There are 2 protein chains.
Amino acid sequence: MTGTIDRRSLVAGAAALTLGAPALAQPRRKLGYAIVGLGGYAGRILPEFANCSTSRVTALVSGDRAKATEWARKYGVPESGIYDYTTFDRIADNKDVDIVYVILPNSMHAEYTIRAAKAGKHVMCEKPMAVSAAECEQMIAACARANRKLMIGYRSRFQPHNMEAIRLARSGAAGKIRYVRSEHGFVMRDPSVWRLDRARSGGGSLMDIGIYALQAARYMTGEEPVAVSATESTDRRDPRFRTVEDLLAWTMEFPSGAMAGCQTMYSASQNRIFLAGTEGRIELEPATGYEGQKMWTGKNGRDREVTPPPGPRSTQFAGQLDHLSECILADREPIVSGKEGLQDLRIIEAIYRSAREGRRVTL
Amino acid sequence: MTGTIDRRSLVAGAAALTLGAPALAQPRRKLGYAIVGLGGYAGRILPEFANCSTSRVTALVSGDRAKATEWARKYGVPESGIYDYTTFDRIADNKDVDIVYVILPNSMHAEYTIRAAKAGKHVMCEKPMAVSAAECEQMIAACARANRKLMIGYRSRFQPHNMEAIRLARSGAAGKIRYVRSEHGFVMRDPSVWRLDRARSGGGSLMDIGIYALQAARYMTGEEPVAVSATESTDRRDPRFRTVEDLLAWTMEFPSGAMAGCQTMYSASQNRIFLAGTEGRIELEPATGYEGQKMWTGKNGRDREVTPPPGPRSTQFAGQLDHLSECILADREPIVSGKEGLQDLRIIEAIYRSAREGRRVTL
């Protein structure tokens, strides 16, 4: 197993993708992931390698040696695959690491993506890609210079209900798309989490859960917004919201005339995508959670529940992990590359500006 | 039966209201309605008098004598109760008419409300109350001068699901209210209807069906908005939308920090009210149609379907008609008086201004 790709495995991988062959005569090469940041979400990702076809975990990066050692044993990572933040750059010498998956607080995404690219590794970076569009541009440039792939962890794009909703929307099943509504929020209870500290998060509910609403409006319409109008409601006396926003509602105007109405907050729970077209509607609720998605189509209500065809992998997490591996093996761009993350940050910056200035902001 | 109210019937009526007495020894006095404008919606209202306890139809006003004669026979209105628009003011002499119900194109609401008040009649006026806030103020002043009641035809306030949703929201069943979403639209197919002619309608989807979304945001929060931010999407090449808007999306900010996200359009169908509080949610769909309302409460989804207690009358239409009669009999203000209609028009004007100027408009 090497860090470089030989032509045979590339061709075999591509053939498997193209033909959907259930098994290859030779076991398919699995690319090795280094997980950077062993927080709660990493704890959800690590068991998912067992569901992957072309991905495995080969390294862990953490400031907590005891935790890294424990998780390394649990997930079969060798002692030599354990790094901390001071030794991270030596990962360049680890030929079992093809991809660095950055699951750190948002403010650290840019730094670790750029260091990973300099170490010659491909990068999976959690959403939001960074805390500013300028950082996203630096990350894209760094990966391009190193000739490495960069993908953002938009797992919903590998979730069967969302994939089927996109397919239905594009097929014209709802007629001409006029409106997409997406609301994403939950009750953030612990005031001490890094997500409530602007220095580390870059923003509140929008940077965390609201980005799903933004993404949904883009992938359901298949269009890029030309303007946003946003309104914020945050109780600054609430200790959770000293530096970041609670609630943001915003509209986005698309070139076709379609409109999106989105909302996010940290003070009540919702998770929904709704599309209204001239001929009908598509609705998902919950839409983008870790599991339990439901979906309906109809004329005026939830007339028919839709069970989508199974996704490419048994879970959205495995689908996401394997997608980057397959893109590397076949030398293709991920469907959610750095450009996608950059576009969301550009829009996020426009949403914040619109709310701050009380005016429509063009993109 | 006279057009004036003697003390006995007033007291008897009030007692019946208070005690919910199923029947009085004497038949309860029914106030007489004149229906002005025999269009489609009048055709829906007229059969509803059969469901009323304190209201009956005693006159019809139409430019179409044949239709008026036919409908008069059908609904038991005497020949002497038929008027046209030139003879309308003679209704002052008709002691069987207590209330004039204006179901005309929006641009005629002010004129006929004021003429009805001058004729000494109470007024029920369809929504939107008028085409401008200034007209609403004139209508309120005219009815006040004549010492007559003025009510706006907000039938959903008499619809059991909506009444129960309001009660639940106020009772704190969903916790602190953070967000109300309401979407109201339908596909307007006929380009020749008066609703698509700004001179008669005063505006498009917002004046017609969007006002339900606006009303819902106000009665679900129980608050008055302090600012609106609106965005419009209208294809002006579409022959239906030469003078009025198709789609409007807007947010409203309330003093408590609650936010409303509303939308209306003439190019796709939706009819929904959704409330998110810190402890749960309330949802209605369809919310404000003529019939078929459904309602749910829950934590993250439609966990429990709610069957509301029955309303004061067998239908929302009868509830609306009888409410004004009862308010006249008991000398109370209707829950949806002219002030309510004026407030909606003030907000509607702010919504149009916000969309036009691309900025947040304070109220």
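B:N147 lies in the loop that runs between α5 (133-145) and β6 (150-152) of chain B. The structure described here is a predicted model. Although B:N147 is not a glycine, its phi is positive, at about 55°.

Chain B also contains a cis peptide bond, which joins B:E285 and B:P286 and has an omega of about -10°. The proline of this pair, B:P286, is placed in the loop between β12 (280-284) and β13 (295-298) of chain B. In chain A, the peptide bond from A:K127 to A:P128 is cis, with omega near -10°. A:P128 is found in the loop between β5 (122-125) and α5 (133-145) of chain A.

The packing of two helices in chain B was examined next. Two packed helices are described by the angle between their axes and the distance between the axes. For helix α6 (residues 160-171) and helix α8 (residues 205-221) of chain B, the axes come within 8 Å and cross at roughly 40°. On the side of α6(B), the contact is made by B:N162, B:A165, B:I166, B:A169 and B:R170, and on the side of α8(B) by B:Y219, B:M220 and B:T221. Sorted by class, the residues in this contact are 5 nonpolar, 2 polar and 1 charged.

Chain A is divided into two domains. Domain 1 covers 7-154 + 316-336, and domain 2 covers 156-311 + 344-362. Their C-alpha centres lie 27 Å apart. In the contact between them, 24 residues of domain 1 of chain A meet 23 residues of domain 2 of chain A. The area buried between the two domains is about 1900 Å², and carbon and sulfur atoms give 59% of this area. Of the area that domain 1 of chain A buries against domain 2 of chain A, 35% is supplied by A:K127, A:Y154 and A:Q316, more than by any other three residues. A:K127 is also the residue from which the cis peptide bond to A:P128 runs.

Across the interface of domain 1 and domain 2 of chain A, 2 salt bridges are found. In chain A, a salt bridge is formed by the side chains of A:R346 and A:E137, with a distance of 3.1 Å from N to O.

Terms used. Residues are numbered from 1 along each chain as its sequence is written. Chains are lettered from A and ligands numbered from 1 in the order in which they are written. This is a predicted model: local features need pLDDT of at least 70, side-chain atom pairs count only at pLDDT 80 or more; totals for chains, interfaces and linings use all residues. Side-chain values use heavy atoms; hydrogens and water are left out. Axes are lines fitted to C-alpha atoms, for helices over the stretch in contact, and angles run from 0 to 180 degrees between N-to-C directions. Helices (H or I, at least four residues) and strands (E, at least two) are DSSP runs, numbered from the N terminus. Contact means heavy atoms within 4.5 Å. Ala, Val, Leu, Ile, Met, Phe, Trp, Tyr, Cys and Pro count as nonpolar, Asp, Glu, Lys and Arg as charged, and the others, Gly among them, as polar. Domain bounds come from an automatic or database domain assignment. Buried area is the accessible area (1.4 Å probe) that two parts lose on being put together, summed over both. A salt bridge is a side-chain nitrogen of Lys or Arg within 4 Å of a carboxyl oxygen of Asp or Glu.
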